[in-house]
Amino acid sequence: MSNFDGTWLMIKDADTYCYPEFIEFKNDQIIFFQLAENSPSGLLIKEQNHTEKLSETKYKFVDENRIRIYRMGKILTVISDTESISEETEFATDYERIEPTKTNLTNGEINRLELKAEWNGEEIPIVFNENLDGPTIQKVNKRLKREGQKLVLENLHGTYFASIYDNGKRRTLIGIKEIDNKKAVLFGFPKKPYQVMAN
């Protein structure tokens with residue numbers, strides 16, 4: 001039997017531009033949550049957004065801790081200023097169950113770590129509370145009075161997240177499955193193996 005317990009993080013891919021979202025299952029309901037803009041002391045606060053009936057929703061378990069929910073939507077292709085084509089299509093969104101991060105480190109110790117991960121051939125620095133943009137982008141941001149990108153350590157139900165902020169807005173959550181002084185296992189990625197090692 002499928003296990004719907006817990007809180008599930010929406011997994012964003014390169015084509016997903018919405019803010020982070022969580023779901024929970026209760027009775028025959030899928031309850032959707034967004035996050036409050038502010039996270040006092042790094043604690044994330046869920047705010048209920050809307051619900052859907054599970055019995056009326058197409059879904060499948062990809063593995064024990066990942067569920068894929070299907071919804072109908074439209075793809076709009078613009079041909080010219082006056083002509084476009086609208087096509088019905090099925091979209092799939094994955095959600096991964098969050099579990100408390102395995103660690104012996106304190107919040108402060110995690111905040112001071114400097115790690116590097118690799119995803120899709122790209123190196124991702126895991127450094128909290130520092131500007132992630134290169135010097136040229138930082139100059140442009142300063143002229144435009146933008147804050148740029150930074151990682152902030154946040155927590156929901158004992159699960160740590162490296163939250164990517166852009167211009168002061170939380171855009172993406174990278175879950176931390178386990179972390180110590182030398183390495184971290186990050187989760188919430190759209191492709192298998194769905195997790196990345198940071199050293």
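This tour goes from the sheet to its salt bridges. The model is predicted: local features need pLDDT of at least 70, side-chain atom pairs count only at pLDDT 80 or more, and totals for chains, interfaces and linings use all residues. Residues are numbered from 1 along each chain as its sequence is written, and side-chain values use heavy atoms, with hydrogens and water left out.

**Stop 1: the sheet.** Show the strands (DSSP runs of E, at least two residues, numbered from the N terminus). Seven of them form an open sheet with antiparallel pairing, in the order S4-S3-S2-S1-S7-S6-S5. Pairing requires at least two DSSP bridges between two strands.

**Stop 2: S2 and S3.** Select 22–26 and 29–35. Five bridges join these strands in the antiparallel sense. Phe25 faces Ile30 of S3.

**Stop 3: Asp94.** Now look for salt bridges (a side-chain nitrogen of Lys or Arg within 4 Å of a carboxyl oxygen of Asp or Glu). The count is eleven. Select Asp94 and Arg66: their side chains meet at 3.4 Å, N to O. Asp94 is in S7 (84–97) and Arg66 in S6 (66–78), so the pair ties together parts 28 residues apart in sequence. Buried means under 20% relative accessible area, exposed over 50%, partly exposed in between (1.4 Å probe, protein chains only).

**Stop 4: Lys74 and Glu88.** Their salt bridge has closest N and O atoms 3.1 Å apart. Lys74 is exposed at 57% relative accessible area; Glu88 is exposed at 51%.

**Last stop: the network.** Select Arg66, Arg68, Asp94 and Glu96. Salt bridges with shared partners join these residues into one network.

Key: Helices (H or I, at least four residues) and strands (E, at least two) are DSSP runs, numbered from the N terminus.
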